[in-house]
Structures are given as structure tokens and as C-alpha cells.
Amino acid sequence: YEVELINMRSYGDKPASFTNKVRGGFLPALELDGAMYTESLDIMAMLDDAFVGGDGHRELLPPRESPEFARARQLLQLERQLFRAWCDYVFRGGFGSKRNFESTMGAVDRALGEQPGPWFSDFSDGPSLVDLQFVSHVERIAASVPYWRGDVVRGSGKYPNVDAWFEAFERRPS
């Protein structure tokens, strides 16, 4: 494989060689066998399908026809809801946006609390694709909300399952 670093919009223009391949310049982007993939979840699911089994790779998603997969899809919709609530709260502000953000964070915390371990799913030993999708945004949330809005997310006691989830990630060797 070959990795090509591309600027995010806030860090400068993307090269024409990239925007000619990827309409709109979306990131991340992965090209495989001439096809472009620009949705994070599609890329992660494709990689999960390609590398499951052998060589010590474990599944990151439950079997596609299982109840666990249906739950994973619901959780991924919750992640999108959290992302929208966070953007609205941090970048637009207002009391209603704070209430919506806190309500959605509460739903995330409750979803984590529904499982016996720290992860969103108990179908495998460790984080699932759902956890990996959430972590990139929740880490930004934990850093940006205190900075922009003065509210503490991590370690505040409001979201104990999210705190345990962060700690579980930090205990992992990679």
C-alpha cells in the first residue's frame, strides 16, 4: 500500500491530483482496485472484511445478519447524532444546543453501560468498529468542549461509562 498525506481543508488546499479523483475532496479516502471510498465506516468495514481470520486479525464487526450487527448499526447512528450535537453546541452555542449535547452524551453513556465490559459490544475481546468510530470524535469532544464551552466531559462524573471506556482504551498496548 501507499500512503499519501492530504491537507484537511483548514490546513490548506488539496492537490488537484487528489480532487480529480475524489469529488469534493473528502477525507479519509482510500483507493482500492480503482474504486474510491470516502466514508470512514465503509473503509473500516471493508478492511475488516478483507483481513478477518488468519494472521491474528479479529473481527471488528459482528456477523452481518446477527442481532449484534443491528445494534452496531443503531450505535453508529447514535455516533452521527453525537457528532451533530457536538458541532451544534461547540460551533453555534445556545442553551438548546447544550441540552441536546448533554442528552446525547447521556445516551452514549447509557449505551456503554448496557454491556458487561467497557466496550460498545461484547461480541469480541476488545474494541469493535463501533468503538473505533466513536473514539475519534469523543476524544475531540473531551478536548474541545472544555476549551470552547467551559464544560468538562471526561472525568466530570456525568458520564462514568464513557470515563471507563477511555480508561480501557488507554490500558491497551496499541
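The largest pocket of this predicted model is lined by 30 residues, of which Met8, Leu27, Pro28, His137 and Arg140 lie nearest its centre. A pocket here is an open set of points on a 1 Å grid over the protein atoms alone where a 1.4 Å probe fits, with protein on both sides within 12 Å along at least five of seven lines, and lining residues have an atom within 4 Å of a point. The elements that give two or more residues to this lining are helix 2 (40-51), helix 3 and helix 5 (129-149), and helix 5 gives the most, with seven residues. The volume of the largest pocket is about 1,100 Å³, a volume being the space filled by probe spheres set on the grid points, which are joined across faces, edges and corners. By class, its lining has 16 nonpolar, eight polar and six charged residues, where Ala, Val, Leu, Ile, Met, Phe, Trp, Tyr, Cys and Pro count as nonpolar, Asp, Glu, Lys and Arg as charged, and the others, Gly among them, as polar.

The second largest pocket holds about 650 Å³ of space. Of the 20 residues that line the second largest pocket, Glu2, Val3, Ala29, Leu30 and Glu31 are the closest to its centre. Helix 1 (16-19), strand 1 (30-32) and helix 2 are the elements that give two or more residues to this lining, with helix 2 giving the most, four residues. The lining of the second largest pocket divides into 15 nonpolar, one polar and four charged residues.

Residues are numbered from 1 along each chain as its sequence is written, and side-chain values use heavy atoms, with hydrogens and water left out. Because the model is predicted, local features need pLDDT of at least 70 and side-chain atom pairs count only at pLDDT 80 or more, whereas totals for chains, interfaces and linings use all residues.

The chain contains six helices and two strands, helices (H or I, at least four residues) and strands (E, at least two) being DSSP runs numbered from the N terminus. Along the sequence these follow the pattern α-β-β-α-α-α-α-α, and the C-alpha atoms fill a box of roughly 45 × 40 × 30 Å, taken along the principal axes.

| Helix pair | Angle | Axis distance |
|---|---|---|
| Helix 3 (67-92) and helix 4 (95-113) | about 155° | 9 Å |
| Helix 2 and helix 5 | about 145° | 11 Å |
| Helix 4 and helix 6 (160-171) | about 65° | 7 Å |

Helix 3 and helix 4 are therefore roughly antiparallel to each other, a term for angles over 145 degrees. Their contact (heavy atoms within 4.5 Å) involves, among others, Leu75, Leu78, Leu82 and Trp86 of helix 3 and Phe101, Met105 and Val108 of helix 4. The residues of this contact divide into 11 nonpolar, four polar and three charged.

Between helix 2 and helix 5, Ser40, Leu41, Met44 and Ala45 meet Leu129, Leu132 and Gln133, and this contact has five nonpolar, two polar and no charged residues.

Helix 4 also packs with helix 6, where Met105, Val108, Asp109, Leu112 and Gly113 of helix 4 are in contact with Pro160, Asn161, Val162 and Trp165 of helix 6. By class, this contact has six nonpolar, two polar and one charged residues.

Note on methods: Axes are lines fitted to C-alpha atoms, for helices over the stretch in contact, and angles run from 0 to 180 degrees between N-to-C directions. Angles under 35 degrees count as roughly parallel, over 145 as roughly antiparallel, 65 to 115 as roughly perpendicular and the rest as oblique.
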